[in-house]
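Me: I have a structure open and would like to go through it step by step. Could you help me read it?

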Amino acid sequence: MKISAITIFPEYFAPLELSLIGKAKESGLIDFAILNLRDFTDDNHHTVDDTPYGGGAGMVMKAEVWGDAIDSVLPTSQTISDLIILTPAGKKFSQKMATEFARSEHLIFACGRYEGIDSRVTTFYQSQPKVRVHEVSIGDYVLNGGEVAALAITEAVVRLIPGVIGNPESLIEESHNEAGLVEYPTFTKPPEWRGLQVPEVLTSGNHGAIAKWRLEQAEIRSQNARGD
Ligand code: 6GU
């Protein structure tokens with residue numbers, strides 16, 4: 001998979017060198033291109049934003065600059081690119097979306113700042129046959145820009161690519177949870193810590209009882225965490 005990210009703060013993407021994602025890059029499973037949006041400006045001040053039509057607070061990122069930057073990462077081949085435009089107004093990111101993006105050949109993250117990107121950028125790329133456009137948010141709160149959201153989505157997606165995770169069994173267990181259950185509580189040695197015991201059933205060796213207990217606990221946790 002190729003992952004392109006367009007940003008005015010390329011430094012935000014330094015953590016991609018770390019851990020599992022860093023290894024996936026070294027082994028050639030993913031190929032990153034981090035582009036500085038300002039490289040696609042043509043004025044001396046490298047201007048990426050301007051005042052909004054219709055008035056109002058804040059600045060809007062310019063369509064021409066974004067268009068040139070996105071065009072520069074679109075392959076000339078028949079490859080379909082998924083253009084992910086990060087905005088708090090987007091569709092809420094989910095594990096289901098992560099599995100969908102994990103099957104992509106090319107993800108492009110467009111990291112907006114300020115009051116967002118000129119809306120014509122979304123409209124234009126929706127009309128392009130080799131581009132699927134997704135406006136995505138990572139939750140109901142406001143960040144200063146899309147960079148942190150792009151990192152979160154990258155981590156959720158890359159770990160689903162075959163070969164990235166050493167123990168794929170953990171993925172299978174998680175996928176059973178896609179229905180909405182969160183995971184059960186986990187314990188390791190020692191059996192007592194600061195007066196707290198590990199639940200007896202887990203040391204019983206009774207696999208049926210353990211599975212039943214874990215399911216009950218996952219249901220209680222899901223209820224508490226999500227209220228559903
Ligand atoms: Cl994708 N961008 C910004 N600026 N804020 C957010 C977000 C994205 N997702 C949640 N909050």
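Predicted model: local features only at pLDDT ≥ 70, side-chain atom pairs only at ≥ 80, totals over all residues.

Me: How many helices and strands does the protein have?
Reply: It has seven helices and nine strands. These are DSSP runs numbered from the N terminus, helices being H or I with at least four residues and strands being E with at least two.

Me: And which domains is it divided into?
Reply: Domain 1 covers 1–165 and domain 2 covers 173–224; such bounds come from an automatic or database domain assignment. The centres of the two domains, taken over C-alpha atoms, are separated by 37 Å.

Me: What is the radius of gyration of the protein?
Reply: The protein has 22 Å, whereas a compact globule of 228 residues would have a value near 17 Å. The radius is taken over C-alpha atoms, and the globule rule is 2.2 Å times the number of residues to the power 0.38. Along the principal axes, the C-alpha trace spans about 70 × 40 × 35 Å.

Me: Turning to strand 1, why is it described as largely enclosed?
Reply: Strand 1 (residues 2–7) is largely enclosed by the rest of the structure because five of its six residues are buried. Buried means under 20% relative accessible area, exposed means over 50%, and partly exposed lies in between (1.4 Å probe, protein chains only). Across the protein, 37% of the 228 residues count as buried.

Me: Which way does strand 1 run beside strand 2, parallel or antiparallel?
Reply: Strand 1 and strand 2 (residues 31–36) pair in the parallel sense over six bridges; two strands pair if DSSP finds at least two bridges between them. Ala5 is placed opposite Ile34 of strand 2. From strand 1 the chain passes through helix 1 (residues 19–26) to strand 2, in a right-handed β-α-β crossover. Right-handed means that, with the strands pointing away from the viewer, the path from the first strand over the helix to the second runs clockwise.

Me: What joins strand 1 to strand 6?
Reply: Five bridges do so, and strand 1 and strand 6 (residues 106–111) run parallel. Ile6 has Ala110 as its bridge partner in strand 6.

Me: New topic: where is Leu74?
Reply: Leu74 is in the loop between helix 2 (63–73) and strand 5 (81–92). With a relative accessible area of 24%, Leu74 is partly exposed. Neighbours within four places in sequence aside, Leu74 is in contact (heavy atoms within 4.5 Å) with Ser81, Ile108, Tyr125 and Val131.

Me: Is that Tyr125 buried or exposed?
Reply: Tyr125 is buried, its relative accessible area being 2%. Phe124 counts as partly exposed, at 40%.

Me: How many aromatic pairs are there?
Reply: The search of the whole structure finds three. The ring centres of Phe124 and Tyr125 are 4.8 Å apart and the planes are at 90 degrees, so this pair is edge-to-face. Rings of Phe, Tyr and Trp (its six-membered ring) pair if their centres lie within 6.5 Å; planes under 30 degrees apart count as stacked, over 60 as edge-to-face and the rest as tilted.

How values were computed
Residues numbered from 1 in each chain as written. Heavy atoms only, no water.
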